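Here are my notes on the model, point by point. Have the structure open while you read.

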Amino acid sequence: MDVTISPSILNCDIANLASEIEKVRNADYAHVDVMDNHFVPNLSWGLPVVEAVIRQDILPVDAHLMIEDADRWAPAYAEVGCDSVTFHAEAAVAPIRLAREIRRQGAKVGMALRPATDITPYIDLLPEIDMLLVMTVEPGFGGQSFLKSMMPKIRRTRDAISAANLQVAVQVDGGINRETICLAAEAGANVFVAGSAVYKAEDAYSEVEALRQLAKTHC
Ligand code: DX5
Ligand code: ZN
């Protein structure tokens with residue numbers, strides 16, 4: 001399975017966004033976390049900053065929207081040119097309509113589940129999306145510890161995708177480092193978001209490569 005590495009820029013040196021993203025130019029995406037202080041108890045940035053990252057044209061943008069009223073706000077992120085737009089299932093009133101709208105705007109669609117949200121009610125929606133994000137921390141902050149208790153959900157999700165013969169990617173986000181990436185890959189994830197592990201490393205570029213190699217071999 002293809003391995004995708006998507007460094008989260010949430011806790012990078014945001015005064016120097018372009019050079020921070022340049023450091024991880026060997027990654028597949030820049031993961032940009034949008035938070036509204038309602039869906040999660042933190043506020044990051046919105047559309048103008050995402051557009052600025054897109055304009056820099058260093059990496060394609062994987063937008064992770066931790067915002068309420070996703071039906072209203074998510075399509076604009078596709079419209080401005082994000083490669084992939086992920087909304088939270090808990091924040092969408094009409095996830096199928098929203099997924100179709102994001103695709104119509106030309107982006108890939110991701111749907112995210114908070115740790116306490118089960119995949120089972122969403123299994124029939126899998127053909128409508130390109131990626132299912134299993135959060136491996138409570139969304140809102142970087143630097144938290146990986147929740148090993150999410151492994152069964154990753155497995156159930158991967159099994160459901162295989163059973164339906166779909167090509168949906170399984171993303172994990174939160175607490176991914178050289179150890180936990182192995183557990184997540186082994187459980188069936190193939191898209192890995194890493195914030196602190198990459199930006200706190202001495203050399204972010206080498207850390208991206210190291211994580212990619214570990215995920216490929218399942219360690
Ligand atoms: C948390 C965000 C993550 C965060 C990951 O809610 O969605 O993308 O930046 O950071 P680490 O890798 O430090 O857990
Ligand atoms: Zn994220």
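1. Start at the metal: the site of the zinc ion (ligand 2) is octahedral, with angles of 72 to 172° among its six donor atoms. Six donors get that label if opposite ones are over 155 degrees apart and all others between 65 and 115. For six octahedral donors, the ideal angles are 90 or 180 degrees. The protein side of the site comes from His31 (NE2), Asp33 (OD), His64 (ND1) and Asp173 (OD), at 2.0 to 2.3 Å. A donor here is an N, O or S atom within 2.8 Å of the metal (3.2 Å for Na, K and Ca), and with water not among the atoms, sites may look incomplete. Along the chain, the spacing of the donor residues reads H-x1-D-x30-H-x108-D.

2. The two aspartates of that set link distant parts of the chain: aspartate 33 sits in strand S2 (residues 30–35) and aspartate 173 in strand S7 (residues 169–173), 140 residues apart. Strands (E, at least two residues) and helices (H or I, at least four) are DSSP runs, numbered from the N terminus. Both aspartate 33 and aspartate 173 are buried. In these notes buried means under 20% relative accessible area, exposed means over 50%, and partly exposed is in between (1.4 Å probe, protein chains only).

3. A word on ground rules, then. This is a predicted model, where local features need pLDDT of at least 70, side-chain atom pairs count only at pLDDT 80 or more, and totals for chains, interfaces and linings use all residues. Residues are numbered from 1 along each chain as its sequence is written, chains are lettered from A and ligands numbered from 1 in the order in which they are written, and side-chain values use heavy atoms, with hydrogens and water left out.

4. Now for the other ligand. Which residues are closest to ligand 1? They are Ser8, Gly140, Asp173, Gly195 and Ser196, out of 19 that surround ligand 1 (a heavy atom within 4 Å). Aspartate 173 turns up here too: an N or O atom in its side chain is 2.8 Å from an oxygen atom of ligand 1. Glycine 140 brings a backbone N or O atom to 2.7 Å from a ligand 1 oxygen, and a backbone N or O atom of glycine 195 also lies 2.7 Å from an oxygen of ligand 1. On its own, ligand 1 has 380 Å² of accessible area, and the protein covers 98% of it. Those areas come from the Shrake-Rupley method with a 1.4 Å probe.

5. Have a look at helix H3 (residues 70–79). Its buried residues are Ala70, Ala74, Pro75, Tyr77 and Ala78. Seen down the axis of H3, they fall within an arc of 155°, so they line one face of the helix. The arc is taken from the directions from the helix axis to the C-beta atoms. Arg72 and Glu79 are exposed on the other side of H3.

6. Two loop residues are worth a check of their backbone angles. Aspartate 69, in the loop between strand S3 (61–66) and H3, has a phi near 55°, which is positive in a residue other than glycine. Aspartate 69 is partly exposed, at 41% relative accessibility. Asparagine 165 is not a glycine either, yet has a positive phi of about 60°. Asparagine 165 belongs to the loop between H5 and S7 and is exposed, with a relative accessible area of 67%.

7. Last, two methionines. Methionine 151 is in helix H5 (residues 151–163) and is buried, at a relative accessible area of 10%. Leucine 183 is 32 residues away from methionine 151 in sequence but 7.7 Å away in space, C-alpha to C-alpha. Methionine 131, in strand S6, counts as buried at 9% relative accessibility.

Methods: Tetrahedral: all angles 85-135°; square planar, octahedral: opposite > 155°, others 65-115°. Polar contact = N/O pair within 3.5 Å; in protein donor to acceptor, adjacent residues only side chain to side chain.
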